[in-house]
Each structure stands twice: as structure tokens, then as C-alpha cells.
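Me: I would like to learn how to read side-chain contacts in a model. Please take one feature at a time.

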Amino acid sequence: MATAFVLAGGGSLGAIEVGMLAALTGAGVSPDFVVGTSVGAANAAWFALHPSDVDSLVDQWVSLRRTDVFPVRPVTGLLGLLGVRDHLVPNTALRRLLERSVGPIDLTGTVIPVHVGATDVLSGAEVLLSKGSAVDAVLASTAIPGVFPPMQLDGRYLMDGGAVNNNPVSYAVDLGADEVWVLPTGYACALTSPPRSALGVALHALTLLVNHRLALDVERYRDRVELRVVPELCPLQVSPGDFSRARELIDAAYARTREWLAAGCPPGSGHTCTPA
């Protein structure tokens with residue numbers, strides 16, 4: 001039986017997946033391969049390189065700041081608004097972050113196989129990246145439309161995989177998984193007011209949109225594979241643009257996932273396992 005972890009997108013809420021990974025691996029759940037989209041692609045690539053060292057991924061998330069991912073560049077933003085450039089934020093800071101954390105590794109050179117979802121800008125088609133530079137693949141998968149520039153890889157312009165498939169269960173099934181563990185970031189379900197920044201509003205809207213796709217995929221694949229959807233955090237008052245609360249999200253997701261596993265969702269516990 002082939003087991004896959006599927007990691008979704010969701011901006012700073014990607015910290016939630018780290019808590020889930022810590023709980024799952026601590027309970028002895030290990031995948032044969034991982035699939036990730038958007039921030040889930042960054043987590044998936046790192047985890048595929050270091051599947052037995054989630055603690056180091058925790059440390060990286062806790063030290064992360066918003067400017068490490070979304071640096072303020074007023075000129076670039078103005079040029080983007082005026083239509084001179086196709087993005088508001090350069091991806092140079094994110095590239096440096098990925099080069100430090102992932103390094104010059106090929107997607108085929110990880111400890112366990114990793115696959116990254118992206119979207120073809122011109123056709124809107126889903127694109128699965130399974131070879132080539134891990135950094136470039138993650139930059140393509142995290143290229144939020146209008147925010148980051150699209151990546152040109154193998155003659156195609158690629159953007160955020162979450163635009164069409166944020167919880168890439170379909171990829172895992174097509175790659176031969178019999179057992180799929182879905183690690184969703186969810187969405188801020190208990191905000192008392194909209195996010196304050198334009199980026200925060202855009203990310204929040206994206207998480208609301210793509211969360212609907214997961215519900216559809218659960219219904220579509222629940223009779224084809226053993227599908228386990230790790231429970232999201234709700235109520236959740238953290239915007240997907242807020243990187244200051246990573247430790248809080250990691251700890252909460254870790255505790256929630258351990259409770260869920262203890263309540264009856266361990267490996268082999270049933271055909272489909274979703275939170276009550």
C-alpha cells in the first residue's frame with residue numbers, strides 16, 4: 001500500500017501543517033511520497049529532504065517574519081498597480097529563504113519522493129512538477145497571481161498551484177496512492193474584522209475559495225482510496241498573512257492532531273477518516 005501526504009496552501013497558515021507533521025510522524029505515520037501546493041509545496045519539499053527532523057522545520061517557521069516572504073518594495077508595487085510589471089512583490093526574498101532552507105536540490109534527490117503542484121498561466125491547466133530545481137518548483141507553486149511574478153519553467157509560465165487545485169488529492173491518487181493523509185491549512189473562520197493589509201485580504205479570500213475544493217475532493221475520492229483528512233483549526237482568528245503566530249498555530253495543530261489520532265483515526269482505522 002502506497003501512502004501519501006498531501007499538503008495544502010494557505011500563506012502563513014502553513015505553520016498548521018508543521019504541527020500536523022510533528023504529530024503524525026510522532027505517531028509513526030510515514031508517507032511513501034508527498035505532494036504539496038503553494039506554501040504546502042515549501043513544507044513538502046523540506047519534509048521530503050528531512051522526514052525525520054520536523055523539529056528543525058518548526059524552528060524555521062517560528063523564526064520566520066512577514067518580510068522574509070513579502071518584503072515591502074513600494075516602487076515594485078506601484079509599477080505593478082500601473083501595469084508596468086506583472087506583480088506587486090518580488091520573489092527574491094522568498095528565493096533566498098528557500099535556497100537557505102532547501103538548498104540546490106533536485107526534486108528527484110530527496111529522501112522520499114516529492115511532487116509540487118502549479119498552474120499554467122496561459123491555459124489554466126494543472127501542472128505537476130516532479131523533477132528539476134526544488135527551489136524553482138516551489139517558487140512556481142507559491143507565485144500568488146498578481147502578488148509574485150510567474151515562473152518560467154520548461155517553456156511554460158507557471159503560477160500558484162492553489163489557483164486551481166489547492167488540496168492536490170487528485171495528484172496523490174493519480175500517482176498511485178492507496179492511502180492519502182490530507183493536511184489542510186483551513187481558513188480564518190473566526191475573524192472579528194477583515195485583515196488590515198491588502199495582501200492579507202487577498203490571501204484570506206484565496207483560502208476561502210480553495211477550501212471548497214477540498215470538500216469536493218473528499219466526496220470524489222472517498223470510495224477510491226483510504227482518505228484521512230486531518231482536522232483544521234476552528235475557531236481560528238489568524239489571518240493567512242500573519243507570520244507572527246507560527247508557534248501558536250504549530251502547537252495548536254499538534255495538540256489537535258494528537259487528539260484526533262487518539263480518538264480513532266490511526267493508520268488502518270477505516271476506509272475514510274474525517275473529523276467529526
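Reply: Start with one side chain. Glu99 is partly exposed, at a relative accessible area of 41%. Buried means under 20% relative accessible area, exposed over 50%, and partly exposed in between (1.4 Å probe, protein chains only). Two ground rules apply. This is a predicted model, in which local features need pLDDT of at least 70 and side-chain atom pairs count only at pLDDT 80 or more, while totals for chains, interfaces and linings use all residues. Residues are numbered from 1 along each chain as its sequence is written, and side-chain values use heavy atoms, with hydrogens and water left out.

Me: With which residue does Glu99 form a salt bridge?

Reply: The general idea comes first. A salt bridge is a side-chain nitrogen of Lys or Arg within 4 Å of a carboxyl oxygen of Asp or Glu. Here the partner of Glu99 is Arg95, with the closest N and O atoms 3.8 Å apart. Arg95 is partly exposed too, at 25% relative accessible area.

Me: Which other residue forms a salt bridge with Arg95?

Reply: Asp136 does, with 3.0 Å between the closest N and O atoms. Asp136 belongs to helix α7 (residues 134-141) and Arg95 to helix α6, so this pair ties together parts 41 residues apart in sequence.

Me: How many salt bridges does the structure hold?

Reply: It holds seven. Another one to inspect joins the side chains of Arg245 and Glu248, at 2.9 Å from N to O. Arg245 is partly exposed at 26% relative accessibility. Glu248 is partly exposed as well, at 42%.

Me: Now the rings. How many aromatic pairs are there?

Reply: Rings of Phe, Tyr and Trp (its six-membered ring) pair if their centres lie within 6.5 Å; planes under 30 degrees apart count as stacked, over 60 as edge-to-face and the rest as tilted. The structure holds three such pairs. Phe5 and Phe47 make a stacked one, 6.0 Å centre to centre, with 25° between the planes. Phe5 lies in strand β1 (residues 3-7) and Phe47 in helix α2, and the pair links distant parts of the chain, 42 residues apart. Phe5 is buried at 0% relative accessibility. Phe47 is buried at 2%.

Me: How do the rings of Trp61 and Phe243 pair?

Reply: Their centres are 6.4 Å apart and their planes at 15°, so this pair is stacked. Trp61 is in helix α3 (residues 54-63) and Phe243 in the loop between β8 (226-229) and α10 (246-262), so parts 182 residues apart in sequence are tied together. Both are buried: Trp61 at 8%, Phe243 at 7%.

Me: Which residues touch the most other members of the largest nonpolar core?

Reply: A nonpolar core is a set of buried Ala, Val, Leu, Ile, Met, Phe, Trp, Tyr and Cys residues joined through side-chain atoms within 4.5 Å. The largest has 67 residues, and Phe5, Trp61, Leu129, Trp181 and Leu183 touch the most other members. Helix α2 (residues 39-49) supplies the largest share, nine residues. A second, separate core has 17 residues, including Ala172, Val173, Leu214 and Leu227.

Conventions: Helix = DSSP H or I, 4+ residues; strand = E, 2+ residues; numbered from the N terminus.
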